[in-house]
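Trainee: Please take me through the aromatic ring pairs in this model. I would like one part looked at closely.

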Amino acid sequence: MPIYRPLLLILLFVAYGTSQGQTTQNQKQTDSIFKEYQAWPDSEEKVDTLLVLFKKAVKKKYVNTLILDEALRTAEKIYYIDGIAKTYDRMGITARYASDYGKSIAHHKRALGYFEQSTDTMARIKCLNSIGVTYRKLNLEKQAFKYYFQAYTLSKDMGHSRSMAIALNGIGNVFVNTKEYDKALHYFRKALKIEESLGNERGMEYDYANMGEVFIHTQAYDSAYVYLNKAWELSEFNHRKDGRGIKQNLLGLLFQKKGDFETSNQHYSKAVSIFEQHKNPRYLSNTLINLGVNHLHLGHMAQAKTFIDQGLATAQAINSKDNTLLGYEALSEFYAQNGAYKEALDARNLAVLFKDSILNEASQKSIISSQVAFEAQAKDDTIKQLAKEKEANRIRADVNLQTIVVLSIAALLIIIGGFIVFWLYRKNVDLRFQQKNQALKNYLQELDALRLGQTEAPIDFKEKVMGFELSNREVEVLELITKGYSNNEIAEALFVSQNTVKTHIKNIYLKLDVKNRVQALKKVGN
């Protein structure tokens, strides 16, 4: 084993260097893209694109708040209400991850004020749930319940089941904090029923873990193991390694409560490996401290001190208040068991002072947040008013555009109507001209006949075919046939369609009892 230990250390060092190099590369890439977006003209698209860039960077473990600052500046400049709301909401989430809960609440509440003027109800629900989470972190359960319940009510009105389940889980966790475990279990079960109906395995995994934690606190260890095992199976099936770490942490807590510290350490050790790999310092600090507590119960004092110190240092580095408090309490117990009562008392005093400082800091930040909120209200009101004026101007512009379009269409229709009237007038003039031309042609034919010595008075064609019971129109058609007109010429002369001419000719053939023009001409003596 000693032979392979240096090689293992080298491999770990190389893996760490590769990871760090990848992180640096991600940061450079994000910063480069950010500079490109900064040069874009101010627009809603720019704000939305910056928010997407920030989210992608966070997923790669890189938090550049300058991106959010630029998004907020742009959104406020163009009075983009949705953009302002979403940016403040993202700022609130970022502050919460940094354990700056006072700032988190201040940002979320400003976001909520803008969301009330927005049509994005889903974003508003998420904001309400986020405020609930932050208040729960501050152990302000009454306020947390208020915002979770608002999120649940709004989700129910919208019929959005997934958001209902999230709010129900939040309410359940509030009751875990207040140690009202029966109520917590009631809400977790309601959330689980919704997630099962949606087939959302990730939500089911979260619900099983929450219910397992409740059963740990109520010392129903068998039930706790069943639900934690269900959560574990889902995290394995869906390859959620971070989720596996949390389940291992809870299983460690389960066996710790049962007094099986060796088995508890096995689960905690697995959790440590996962949290280190996925860079989750909050859960890592909690797990390390609990490993120290277990070794303390097992009498492994040196290991206990090492794990407690590592966990406490990690908690302090990320400003995790709950885990820092847990570390001081574990350190106090360690010194007490080793007979170092002065050090134990000092650690206990540090725990008490730290707990008081959390409450004082929360109170102070609440006052500061109220002052900031009061000062910001005037600015927010101005932005909202300008946004309303911008929207009113947009509506007026749309109305004006619609009016112009309607008037343009009306003018076009009038022009088209004028052309149609003119065309009909010209058609009528042409018709009259054709009629006069035909009359002149007939007159000239009569003159030609007189010159040729035809002195007999011409017999009227209508009288000539009277015995065949033809209609006036059929007489006209037949007369033109005798003059050698084609169907097309007859149609033009009588201003009818060729189909109409064909119908008249068919009727003429029937009445004359003939089959073609030649027979018809012979029949009428032409």
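Mentor: Phe149 and Tyr152 share helix H7 (residues 141–158). They sit 3 residues apart, about one turn of the helix. Helices here are DSSP runs of H or I with at least four residues, numbered from the N terminus. This is a predicted model: local features need pLDDT of at least 70, side-chain atom pairs count only at pLDDT 80 or more, and totals for chains, interfaces and linings use all residues. Residues are numbered from 1 along each chain as its sequence is written, and side-chain values use heavy atoms, with hydrogens and water left out.

Now burial: buried means under 20% relative accessible area, exposed over 50%, partly exposed in between (1.4 Å probe, protein chains only). Phe149 has 40% relative accessibility, so it counts as partly exposed. Tyr152 has 11%, so it counts as buried.

Next, the pairing rule. Rings of Phe, Tyr and Trp (its six-membered ring) pair if their centres lie within 6.5 Å; planes under 30 degrees apart count as stacked, over 60 as edge-to-face and the rest as tilted. That rule gives 12 aromatic pairs. One of them, Tyr88 with Tyr114, is stacked, at 6.3 Å centre to centre and 10° between the planes. This pair links distant parts of the chain, 26 residues apart: Tyr88 is in helix H4 (residues 81–97), Tyr114 in helix H5 (residues 101–115). Tyr88 and Tyr114 are both buried.

Note on methods: Helix = DSSP H or I, 4+ residues; strand = E, 2+ residues; numbered from the N terminus.
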